[in-house]
Amino acid sequence: MSGEKDLEQLKKEAAAKAREAALEKKKAMKAAEAGSQAEDKIPTVAAGEDDLDLAKKKAAAAAKAKAAALAKMKAKEQAGTSSDSDDADAKAKAIAAAKAKAAAAAKAKAAAKAKQAASGASDDEKAKAIAAAKAKAAAAAKAKAAAGAKAGAESEPVEKKPSPNQPYLDKYVKVIEEHLGTDVLEDYYINTLSKDVPTIVAKRNAYFKVAEFLKYNEQLGFDYLSELHGTDFQTHMEVYVHLYSYKNRQSVALKVKIDRDEPEIDSLVPLWAGANWPECEAYDLLGIKFTGHPNLHRIMLGEEWIGHPLRKDYVPYDVEV
């Protein structure tokens, strides 16, 4: 009986100890959750070493977890603060850029308006100037027309005055026809484009005879040949001779028309030695042959030159020269 009581007593003590251990374990868990108060709440009553070590380890782990949580929270707050700062800077920069862009747009718009206004003013000024010029021109034309109409109404037709050299031309023609006949001249007139020079056009077959008469006739006496040249008129060629009389102090122009395809006429060198080089020049540049010339040759281009440059149909043999 005594043995059974002791066993029963031992069971009760063991159960009490188990309850105490469970209670201590529960308190240790609460201490771990509470964090920093875990160590203060470690039971002082006797307990199993394993349970106490486990409770301490759990309390230390809970403290570390809490510290890690606090550190993580702090880092998150700092990150949030930095992000907010960056967002604020970005917003400030965006606002500044928008303001600058708006200012530039306003400046460009103002410049465009100013330019448009200036252009409008310039166009207006141009239009006014053009209108004024047209009005002025119209007024001038109207005044000129009115003046012309008035002058035409008031004035009588003005008769063209005869040339002061007309009497000389009449004299030359009369003397020539009296001595050589009326069939030696093709035409005669006053050349108003050349200082009103009396001009005589001899027929081709009478050219030399008329020239000889102009030199040796006592009434005429044209003893000086001052000019001789040829001209290509495409339909024909013409030789022009200007003569002067020192005795009478008068001038006359002698012309003759010749065939363009076979340009040939009598030389005047037997009458005036001064015709020598001008006839060579006309031969060189136009191909006119002067019958009776003592030494007709090309004096500028040379005998080997092909063609005559003063002819209207002249084509250079070598275009690169």
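Why does Q234 count as exposed?

Modeller: Happy to! Q234 counts as exposed because its relative accessibility is 55% (buried is under 20% relative accessible area, exposed over 50% and partly exposed in between, with a 1.4 Å probe and protein chains only). This is a predicted model, in which local features need pLDDT of at least 70 and side-chain atom pairs pLDDT 80 or more, while totals for chains, interfaces and linings use all residues. Residues are numbered from 1 along each chain as its sequence is written, and side-chain values use heavy atoms, without hydrogens or water.

You will find Q234 in the loop between β3 and β4 (strands are DSSP E runs of at least two residues, helices H or I runs of at least four, numbered from the N terminus). Take a look at its backbone: phi of Q234 is near 70 degrees, which is a positive value in a residue other than glycine.

Now follow the chain to R249, in the loop between β4 and β5. R249 is not a glycine either, yet it has a positive phi of about 55 degrees. With a relative accessibility of 66%, R249 counts as exposed.

Y224 and Y246 form an aromatic pair, with 5.7 Å from centre to centre and 50 degrees between the planes, which makes it tilted (ring centres of Phe, Tyr or the six-membered ring of Trp lie within 6.5 Å; under 30 degrees is stacked, over 60 edge-to-face, the rest tilted). Because Y224 belongs to strand β3 and Y246 to the loop between β4 (237–245) and β5, this pair ties together parts that are 22 residues apart in sequence. Y224 counts as partly exposed because its relative accessibility is 37%. Ring pairs also bring in Y244, so that Y224, Y244 and Y246 are linked into a cluster.

How many aromatic pairs are there in the whole structure? The search finds 3. One of them joins Y172 and F222 edge-to-face, at 5.4 Å centre to centre and 85 degrees between the planes. Here the partners come from distant parts of the chain, 50 residues apart: Y172 is in helix α3 (residues 166–180), and F222 is in the loop between α4 (207–216) and β3 (224–232). Both Y172 and F222 are buried, whereas Q234, where we began, is exposed.
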